[in-house]
Amino acid sequence: MARTKKNIELLKIMDEYNLFISSKKRTDMPMWVNKEKANHKSSLYLEQNLWSDSEFGKTSIDCEVRNKNSFNYSFQIISNKLKDRVLVRFDEGNGVHRNNNPSIPLQEQEITTPHFHKYDNGGYFIAYKTNELTPYNNKPLNIETGLSIFCNEENIISSDGALINIQVSEEGMLPFKCDEDPLNEIMF
């Protein structure tokens, strides 16, 4: 397995990155994940603007729902300021991640999902758990709860005061579930 690479470009502006990461960010709610991802036809995708009190280039938040399964997804904050555009990532349903880094003891390198990724002060993109994620070690975490945890960790709120909310449906499909025919007993 390859070692985690150091992001030399980011190290030059690490203070600016850390200020952005800790600042309040806003995006539109609800997030509607309904577009087919161009390079993964089985995934649904959304990318939308993210505004911050401390700008870091043009930033956005994205969500990928793999295999159209709301227990297999990721959220990212991306920016055009860096060649490696991903600033932060949250993964669910992708198994175990290994932080192959010489400064991390071998017994601490394995990180189960769900987990976050963020750059440390050495410029390494490291997977980590928060206390909020501990109860979900290798247990499915639904996308609504995952978005709430992601927004809490990354200091993201709704741009218009709405509740943190996400809707996943294929484009052209109505986003509701029904166990019985909603037209049952209606005469036409």
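Asp91 is buried, with a relative accessible area of 6%; here buried means under 20% relative accessible area, exposed means over 50%, and partly exposed is what falls in between, with a 1.4 Å probe and protein chains only. The side chain of Asp91 meets that of Arg89 in a salt bridge, at 3.0 Å from N to O. A salt bridge, in this text, is a side-chain nitrogen of Lys or Arg within 4 Å of a carboxyl oxygen of Asp or Glu. Before going on, keep in mind that this is a predicted model, where local features need pLDDT of at least 70, side-chain atom pairs count only at pLDDT 80 or more, and totals for chains, interfaces and linings use all residues. Residues are numbered from 1 along each chain as its sequence is written, and side-chain values use heavy atoms, with hydrogens and water left out.

Side chains of opposite charge can pair when their charged atoms come close. The structure holds eight salt bridges. Among them is the one between Glu64 and Lys37, 2.9 Å from N to O. Glu64 lies in strand E6 and Lys37 in strand E3, so this pair ties together parts that are 27 residues apart in sequence. Are these two buried or exposed? Glu64 counts as buried at 10% relative accessibility, and Lys37 counts as buried at 16%. Now look at Glu36, which forms a salt bridge with Lys41, the closest N and O atoms being 3.7 Å apart. Here Glu36 is partly exposed at 49%, while Lys41 is exposed at 54%. Elsewhere, Lys118, Glu153 and Glu154 are linked in a network of salt bridges.

Next, the strands around those residues. Strands (E, at least two residues) are DSSP runs, numbered from the N terminus, and two of them pair if DSSP finds at least two bridges between them. E3 (residues 35-37) and E4 (residues 40-49) run antiparallel and are joined by three bridges, with a hairpin of two residues leading from E3 to E4. In this pairing, Glu36 stands opposite Leu44 in E4. E4 also pairs with E6 (residues 59-65), again in the antiparallel sense, over six bridges; there, Asn49 has Ser60 in E6 as its bridge partner.

There's also an open sheet of three strands, in the order E5-E1-E13 and with mixed pairing. E5 (51-52) and E13 (156-158) stand at the edges with a single partner strand each, so one side of each is left without a neighbour in the sheet. E1 (residues 25-27) runs antiparallel to E5, joined by two bridges, and Arg26 stands opposite Trp51 in E5.

On to the rings. Rings of Phe, Tyr and Trp (its six-membered ring) pair if their centres lie within 6.5 Å; planes under 30 degrees apart count as stacked, over 60 as edge-to-face and the rest as tilted. By this rule the count comes to 12 aromatic pairs, and Tyr73, Phe75, Phe90, Phe116, Tyr128 and Phe150 form one aromatic cluster. A charge sits over a ring if NZ of Lys or CZ of Arg is within 6 Å of the ring centre and within 35 degrees of the ring normal. Lys25 lies over the face of Phe20, at 5.1 Å from the ring centre, and the charged end of Lys81 sits over the ring of Phe56, 5.6 Å from its centre.

Conventions:
Helix = DSSP H or I, 4+ residues; strand = E, 2+ residues; numbered from the N terminus.
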